[in-house]
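Student: I would like a close look at a single part of this model and at what surrounds it. Please take the answer slowly and say what each term covers.

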Amino acid sequence: HVPQVQPRVEELSELYRELSQHPGLSTACLGPDLTTQYGGKYCSLYTEWSQRDLARTENIKFCRQYLIFHDGTSIVYSGPAGTCSEIKDELLSRESPSGTLKAVLRKVPGKEKEKEKQFLEVWDQNRKVKSIDLTALDKHGSVYDDDQFGCLAWSHSETHLLYVAEKKRPKAESFFQSKAPELGTSDEDTGHPKKEDAPIKVGSPHPGSAGGWLWGCGADQAVPQGEQFVYHEDWGETLSTRSVPVLCVLDIEGNSISVLEGIPEHLSPGQAFWSPEDTGVVFVGWWHDPFRLGLRHCTNRRSALFYVDLTGGRCELLSEDTRAVWSARLSPDGCRIVYLENNVLGPHQQCSRLRMYDWYTKHTSTVLEAVPRQAWGAFPGIYCGALPGMCWAADSRRILLDTAQRSQQDVFVVDTATGTTTSLTADSPQGSWSVLTIDRDLLVARFSTPSCPPMLKVAVLPAAGHEAQTQWICLQDAPPVPGISWGIRTLQPPPEQEHPQYGGLDFDAILMRPSEGPTAQKPPLVVMPHGKSLSPPHCTPVRQCHPHPLLLPFAGGPHSVFTAGWMLYPAALCRVGFAVLLVNYRGSLGFGQDSVASLPGNVGTQDVRDVQLCVERVLQEETLDASRVALVGGSHGGFLACHLIGQFPDTYHACVVRNPVVNIASMVATTDIPDWCLTETGLPYKPDALPEPAQWTEMLHKSPIRYVNQVRAPVLLMLGEDDRRVPPKQGLEYYHALKARRVPTRLLWYPGNNHALAGVEAEADGFMNMALWLLKHLQC
């Protein structure tokens with residue numbers, strides 16, 4: 001007789017409350033070096049953390065400061081300074097190059113019926129020295145605080161701030177407006193000369209507006225009629241309020257804002273910073289011709305690096321214009337810019353190249369190529385959403401980055417002159433490492449494991465050639481969560497399941513199991529194939545409360561990876577008494593570009609068989625209860641879960657899916673990433689091509705809806721009402737198909753939530769419902 005897993009609802013909610021309180025570490029910033037009266041050097045370390053507040057149902061941010069005493073080669077002493085304090089309404093913040101000033105973008109609730117306002121503040125060491133009401137100045141729409149376009153960049157002279165905002169839209173009126181058209185505020189009214197501020201000309205023809213002319217009285221004061229309901233394209237999932245970004249500059253002394261002109265109309269600018277000597281601005285520009293595709297988690301969208309000259313308004317291309325580039329970082333000496341580069345279209349995530357542009361010779365070189373095969377012990381290739389905001393060593397020659405290395409995440413130093421790479425975490429504990437910042441060769445990182453929440457680590461980067469001797473010091477420890485053991489196993493597909501073109505690929509799985517409690521001897525098994533679980537976002541120049549990394553296994557896919565870091569749901573399920581199997585099937589990141597390339601055209605077969613092989617192998621080799629196996633997955637993980645319960649109905653006895661892809665053929669017309677539907681099916685994508693009947697058939701053929709007649713396992717569906725990536729109609733389609741076949745099913749609908757279902761309330765409710773569903777249906 002196997003002991004039953006049946007904690008009461010109160011115990012479950014108490015467990016979730018306890019584990020969800022572990023804070024995530026999002027940002028670190030080092031202050032300037034100071035000298036003590038005894039000659040020793042020290043600096044402050046400012047860190048930002050985020051934590052769920054279940055009572056307020058929101059993610060809160062708080063900051064904590066530390067002191068680091070160092071002698072340039074090692075850390076002599078480090079420790080906390082003071083207690084935590086909550087950060088309120090800060091959207092972005094950024095220290096100036098000297099560390100003496102700080103810029104903050106803040107949101108302020110409007111009074112009574114007023115809209116929320118945005119203020120740009122400048123603080124010195126002792127007080128707030130500027131507070132500028134951006135909403136009242138009305139030069140642009142809302143400032144972007146996302147990490148896709150957003151930035152808050154100080155000029156080297158510390159006199160100007162650069163940021164990205166939505167382009168100001170003229171107020172439109174009805175054809176039947178009774179009062180006289182209101183005149184727009186002219187620039188003379190706000191006391192700024194026209195030339196300096198380069199305003200958007202309200203009366204100029206709209207690109208694409210019918211006829212290209214607008215009624216009104218005077219070029220700068222036209223109020224367009226019949227434009228109220230014109231559709232404005234946006235950049236998709238999580239970027240639905242981003243349509244036409246513009247680069248804006250605040251002159252701190254003059255309190256004036258200029259919207260930069262000279263950027264071509266077909267580009268959306270973002271991720272901007274000041275060029276050497278402050279002569280202009282360097283930015284990434286994304287093409288939006290012929291229309292915008294979803295951009296979040298898609299590092300394959302056509303984009304390039306540009307420079308706009310502030311005096312002449314000339315815009316110059318700095319990189320190839322046929323690739324996808326992002327995450328450009330200027331070296332401390334102002335001579336070189338490194339950036340990441342992928343091919344356009346194809347898999348949304350892949351092994352990236354590291355490229356370097358020399359500012360003075362104008363020469364571009366490839367520092368690191370994509371790696372076809374991950375060889376044990378060798379550099380695995382670059383798989384990351386962004387480079388750290390501060391990634392350069394003081395020598396302006398080496399850069400720091402973290403990347404998935406199979407099922408771990410490690411920190412590497414790259415010599416940009418020779419292309420050599422050295423791991424800084426090879427001799428450290430197994431788990432998930434990420435670089436938060438490096439400044440004057442002081443290195444700050446985050447470390448976690450499946451049983452240990454994020455902790456803060458610091459080190460001094462050794463001299464070139466000696467990097468492997470890096471000594472990490474733990475600055476903020478997180479005690480491991482008791483009762484969880486874990487390990488990584490490697491699997492080889494059988495010969496008949498080898499890819500004809502990419503043979504010899506293997507893959508991994510992380511197995512977590514309870515190490516105490518009544519079911520520890522023979523626990524039931526929850527199988528989780530990943531969606532798009534990118535590592536937690538970096539300390540980019542943008543500061544904001546990022547969604548917790550703990551939910552990312554559910555965010556998209558299939559080219560992603562579970563790294564051996566802290567994840568709330570798997571840890572909590574383990575504490576409830578389940579073993580949890582996290583599968584990095586072929587196509588996952590961190591195993592070489594060949595692995596990524598092996599999956600398009602084989603979704604629904606290769607990935608499904610890899611997961612099933614892994615489950616069968618683990619059930620053979622481990623003491624687990626093979627009569628109580630369930631599936632949990634989101635997005636592409638949900639696609640796999642729905643495939644597995646249909647293709648292998650005897651293996652699985654319960655299933656929980658979040659925003660699953662159910663029918664690729666019906667998704668292609670409604671998603672923000674139609675190219676994904678064709679690419680992963682193995683078909684070519686062209687924006688102007690309509691799928692042929694045979695291609696519709698192929699998309700349907702590779703979809704889990706095809707196997708719905710064989711499903712017997714009870715299915716719990718969780719859908720985000722605002723999901724643009726896998727619209728909730730996908731889950732509804734599956735729900736209706738299951739109901740029609742009398743399969744036990746339940747649907748949870750989360751308003752105000754998009755694809756990640758990362759709202760604090762939805763995440764907490766989702767866990768409780770998932771755990772109760774699994775406990776109910778795995779009682780064998």
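Tutor: The answer below starts with how the model should be read, then turns to one helix and its surroundings.

This is a predicted model, in which local features need a pLDDT of at least 70 and side-chain atom pairs count only at pLDDT 80 or more, while totals for chains, interfaces and linings use all residues. Residues are numbered from 1 along each chain as its sequence is written, and side-chain values use heavy atoms, with hydrogens and water left out.

The pLDDT (the predictor's confidence in each residue, from 0 to 100) averages 90 for the protein, and 90% of the residues score at least 70. Over residues 185-220, however, pLDDT stays under 50, and that stretch has 56 contacts (heavy atoms within 4.5 Å) beyond four places in sequence. Residues 533-555 also have a pLDDT below 50, with 105 contacts in the model beyond near neighbours in sequence. Where pLDDT is low, the predicted coordinates should not be read in detail.

The part to examine is helix α6, which covers residues 606-621; helices (H or I, at least four residues) and strands (E, at least two) are DSSP runs, numbered from the N terminus. Buried here means under 20% relative accessible area, exposed over 50%, and partly exposed in between, with a 1.4 Å probe and protein chains only. That core has 58 residues, of which Leu525, Val527, Leu581, Ile645, Val715 and Tyr734 touch the most other members. Helix α6 gives the most to this core, with seven residues. A second, separate core has 43 residues, including Met528, Tyr569, Phe767 and Met770.

Valine 618 lies within α6 and is buried, its relative accessible area being 0%. Not counting residues up to four places away in sequence, valine 618 touches Arg489, Leu511, Leu581 and Leu624. The C-alpha atoms of valine 618 and leucine 581 are 8.7 Å apart, although 37 residues separate the two along the chain.

On another side of the picture is helix α7, residues 636-647, which packs against α6 at an angle of about 70°, with the two axes 10 Å apart. Axes are lines fitted to C-alpha atoms, for helices over the stretch in contact, and angles run from 0 to 180 degrees between N-to-C directions. The value therefore makes α6 roughly perpendicular to α7, since angles of 65 to 115 degrees count as such, those under 35 as roughly parallel, those over 145 as roughly antiparallel and the rest as oblique. From α6, Asp607, Val608, Val611 and Gln612 take part, and they meet His636, Phe639, Leu640, His643, Leu644 and Gln647 of α7. By class, this contact has five nonpolar, four polar and one charged residues; Ala, Val, Leu, Ile, Met, Phe, Trp, Tyr, Cys and Pro count as nonpolar, Asp, Glu, Lys and Arg as charged, and the others, Gly among them, as polar.

The loop leading from α5 (593-597) to α6 contains glycine 604, which is buried at a relative accessible area of 4%. Glycine 604 touches Phe639, His643, Gln647 and Lys702, again without residues up to four places away in sequence, and Phe639, His643 and Gln647 are also among the α7 residues that meet α6. Between glycine 604 and cysteine 642, which are 38 residues apart in sequence, the C-alpha to C-alpha distance is 9.8 Å.

Beyond four places in sequence, glutamine 593 touches Gln350, Cys351, Val371, Pro372 and Tyr383.

Helix α4 (residues 568-576) has eight of its nine residues buried, so it is largely enclosed by the rest of the structure. Those buried are Leu568, Tyr569, Pro570, Ala571, Ala572, Leu573, Cys574 and Val576. Just after α4 comes glycine 577, with a positive phi of about 125°.

Definitions and conventions. A nonpolar core is a set of buried Ala, Val, Leu, Ile, Met, Phe, Trp, Tyr and Cys residues joined through side-chain atoms within 4.5 Å.
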